[in-house]
Each structure stands twice: as structure tokens, then as C-alpha cells.
Amino acid sequence: MTRRTVTIQLESGLDTRPVALLVQKASQFQSDIYLETENRRVNAKSIMGMMTLGLDTGAEVTVSVNGEDELEAMERLEAYLTKAQ
């Protein structure tokens with residue numbers, strides 16, 4: 001399992017369109033992927049779950065990835081969340 005704390009640097013935070021793109025990216029991987037805040041843990045492949053987080057720019061989340069392609073998944077999701085694409 002790989003875990004990293006990431007600061008969201010998307011201009012609009014995790015609003016509707018960025019959440020949809022994040023779910024699409026997460027769904028490309030076999031690994032289980034979760035985003036965690038202080039009190040919530042949500043499957044990154046679930047659009048409804050991700051929408052409930054309501055994370056803004058500057059918010060910190062912990063991304064946890066577990067599976068055969070976890071390193072590649074972590075790199076891509078971290079790059080997306082921090083705009084280092």
C-alpha cells in the first residue's frame with residue numbers, strides 16, 4: 001500500500017468537472033484508490049462519493065492506493081491533483 005498527503009492545487013478545487021476527471025483517471029487502474037480527509041474516506045472511483053468531499057484548492061487529502069499498479073496510479077493522481085501534468 002502506498003499513502004501520500006497531497007495538497008489540492010486545482011484552480012477550482014474538486015468541483016464537478018475536476019471530480020469527473022479524477023474518477024476517470026482512478027478508474028484506469030486495477031488498484032483500490034481512496035481519498036481521505038480528517039473524517040471521511042471515499043473510493044476515488046466513485047463519482048457520488050467524491051462529490052460529497054467538496055474539497056477546495058489548498059485542502060490536504062491523503063491518497064491511499066493498494067494493488068498491482070499502485071505506484072503508477074499514485075504518480076498520475078498526485079500529478080493531476082497538484083497540476084503537475
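Where in the structure do Glu72 and Arg76 lie, and how many residues apart? Both sit in helix H3, four residues apart, about one turn of the helix. Helices (H or I, at least four residues) and strands (E, at least two) are DSSP runs, numbered from the N terminus.

The model is predicted: local features need pLDDT of at least 70, side-chain atom pairs count only at pLDDT 80 or more, and totals for chains, interfaces and linings use all residues. Residues are numbered from 1 along each chain as its sequence is written, and side-chain values use heavy atoms, with hydrogens and water left out.

**View 1. Four strands form an open, antiparallel sheet.** The strand order is S1-S4-S2-S3. Strands S1 (2-7) and S3 (41-43) stand at the edges, each with a single partner strand, so one side of each lacks a neighbour in the sheet. Strands count as paired if DSSP finds at least two bridges between them. Neighbouring strands are turned by 25° against each other on average, direction ignored. Axes are lines fitted to C-alpha atoms, for helices over the stretch in contact; angles run from 0 to 180 degrees between N-to-C directions.

**View 2. Strand S2 runs antiparallel to strand S4.** Five bridges join S2 (residues 32-36) to S4 (residues 60-66). Glu36 stands opposite Thr62 in S4. Helix H3 (residues 70-81) packs on the sheet and touches S1, S2 and S4. Contact means heavy atoms within 4.5 Å. The direction of H3 makes about 5° with that of S1.

**View 3. Arg3 and Glu36 meet in a salt bridge.** The N to O distance is 3.0 Å. A salt bridge places a side-chain nitrogen of Lys or Arg within 4 Å of a carboxyl oxygen of Asp or Glu. Arg3 lies in strand S1 and Glu36 in strand S2, 33 residues apart. Arg3 is partly exposed at 46% relative accessible area, whereas Glu36 is buried at 17%. Buried means under 20%, exposed over 50%, partly exposed in between (1.4 Å probe, protein chains only).

**View 4. Glu78 of helix H3 bridges to Arg4 of strand S1.** Their closest N and O atoms are 2.6 Å apart. The partners are 74 residues apart and link distant parts of the chain. Glu78 is partly exposed at 23%. Arg4 is partly exposed at 27%.

View 5. Glu72 is partly exposed at 40%, and Arg76 is partly exposed at 44%. Elsewhere, salt bridges that share partners join Arg3, Glu36 and Arg41 into one network. The whole structure holds five salt bridges.
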